[in-house]
Amino acid sequence: MLQKLIFNYYEKLCAAVFTNKWSTGFFLLDIGLFQGCVLSTILFDCVFQLLLDFLKPLDQLGYEYKMTPSVKTLKKAYADDLTLCTRNPKDNQLVLDWTNNWLKWSQTMRAKPSKCIAIGFKLFSKNSKTEKYIPLAKKSFAPFDPCLTIDGQPIRYIVNPQEKDPFKAEHFKFLGRWTHPLLKEKDIQIKLQLCLNEDLQLIEDSKVNGLMKLWLYQFYALQHLSWPFIINDLNRSFSLELQRNTNQQLKKWAHISRSIDNGLLFRQKQNFGLGLTSISDHYEQMQVIKCELLSHSLDPNIVALYKTRETQNAKLKRVWKATNTVKEANAEVNLDLKFLCQPNKQGIGFGKFNPNPSLAEKRKLVSAKAASFAEQQRIAHSTSLKQQGAWLQWAENALPFDMSWKNLIWGGISPLIVKFV
């Protein structure tokens, strides 16, 4: 009922604006009345949508992607964050002027130049004598300060020499993602590694036993990497490096030998493992989720850009790309949905089968199928181990030890018993 009321209000709001039946100061009254209640954010989105509609006549000035000419992007908004992307600084300044005029018209909103960031990229010619902009680096294609203004004040360049923190001085954070003007990710990788080391050291200094520290790794330290692994386009080799630096710490907490096979830590519990999630596997899962979200986005431009990236990555055979894994996992999930088989020993007809899963359910199936690829590789590696792979000879005729967190933490089991198992 509340949602219906707010939609009716939005219709009346739009009708009043475009027929000039309301004064230009009504936004303050309505927003002020709804502040502090559940409807305040919805009402703000309704009003902010008027700005996006106001800028629609300028959509032809948007940036056109070379690999996907059908996509032309001018504006992207999330809550009160607005990104304007054009082909040249002149067009961007025009869009900024339109935006500032709309803010002045509202009489209750205004731009905050101190929080605005600008950056441009172009191809510089060495022999040009009339170059207006200065490149940041000595490269043919380099970033530069477009010298934009809003509300009569200059917009700050992405590089901020006044910032005391050297990392923040060269990076800009937008929706949780740090961006370097040269699009480098080395400093971001170092920052993520430092954050992971701090979490691991915090767990190490805690007054709990090793098995509880493994639980903290699984549900605390690893989850801090979820969002950075989704929004950043990091290399898989970086996640493998993080995992190599963490394996010895995990083995110490599990009270097992340093020379033990790493698969013991990360194999599923039904495959006689501890069931931990490796950092590299977590990175792959987050990238798979991102690909699924982008491929089924409600924005057709996002889907078109994803399809272009998927076509480009399909040519790469020696480098791991999430799009290739998602394509393979989707094919197997679709096959499983068409030709159902019994995956366990529960008996014929056990559980309920859903032949038409929703997008969220389908995404979980694809993510689980992609995770099974890594599990298959660990089992295949165990077959090459003569001594540590002996469990494969009696795995089908023996039940694995109960490695559930409830049993390990609250079951009163000595770590020495776990070590023996």
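Here are a few notes on one helix pair and some aromatic contacts in this predicted model.

1. Start with helix 11 (residues 279-295) and helix 14 (residues 359-383): their axes come within 10 Å and cross at roughly 150°. That angle is over 145°, so helix 11 counts as roughly antiparallel to helix 14. The crossing of the two is right-handed.

2. Who touches whom here? On the helix 11 side you'll find D281, Q285, V288, I289, E292 and L293, and they meet R363, V366, S367, A370, A371, A374 and R378 of helix 14. Sorted by class, this contact has seven nonpolar, two polar and four charged residues.

3. On to the rings: the count comes to 15 aromatic pairs. One of them is F44 with F48, a stacked pair at 5.6 Å centre to centre with 20° between the planes. Both sit in helix 3 (residues 40-54), and being four residues apart, they are separated by about one helical turn. F44 counts as partly exposed because its relative accessibility is 26%, whereas F48, at 9%, counts as buried.

4. F124 and F144 are worth a look too: this pair is edge-to-face, with 5.9 Å between centres and 85° between planes. It links distant parts of the chain, 20 residues apart, with F124 in the loop between strand 6 (120-123) and strand 7 (141-144), and F144 in strand 7. F124 has 11% relative accessibility, so it counts as buried; F144, at 3%, counts as buried as well.

5. Which residue joins F124 and F144 in a cluster? Y133 does, with ring pairs linking F124, Y133 and F144.

Methods
Residues numbered from 1 in each chain as written. Predicted model: local features only at pLDDT ≥ 70, side-chain atom pairs only at ≥ 80, totals over all residues. Heavy atoms only, no water. Axes fitted to C-alpha atoms, helices over the stretch in contact; angles between N-to-C directions. Parallel < 35°, antiparallel > 145°, perpendicular 65-115°, else oblique. Left-handed = near helix turned anticlockwise from the far one by under 90°. Contact = heavy atoms within 4.5 Å. Nonpolar A, V, L, I, M, F, W, Y, C, P; charged D, E, K, R; others polar. Phe/Tyr/Trp six-rings, centres within 6.5 Å; stacked < 30°, edge-to-face > 60°. Buried < 20%, exposed > 50% of the residue type's maximum accessible area, 1.4 Å probe, protein only.
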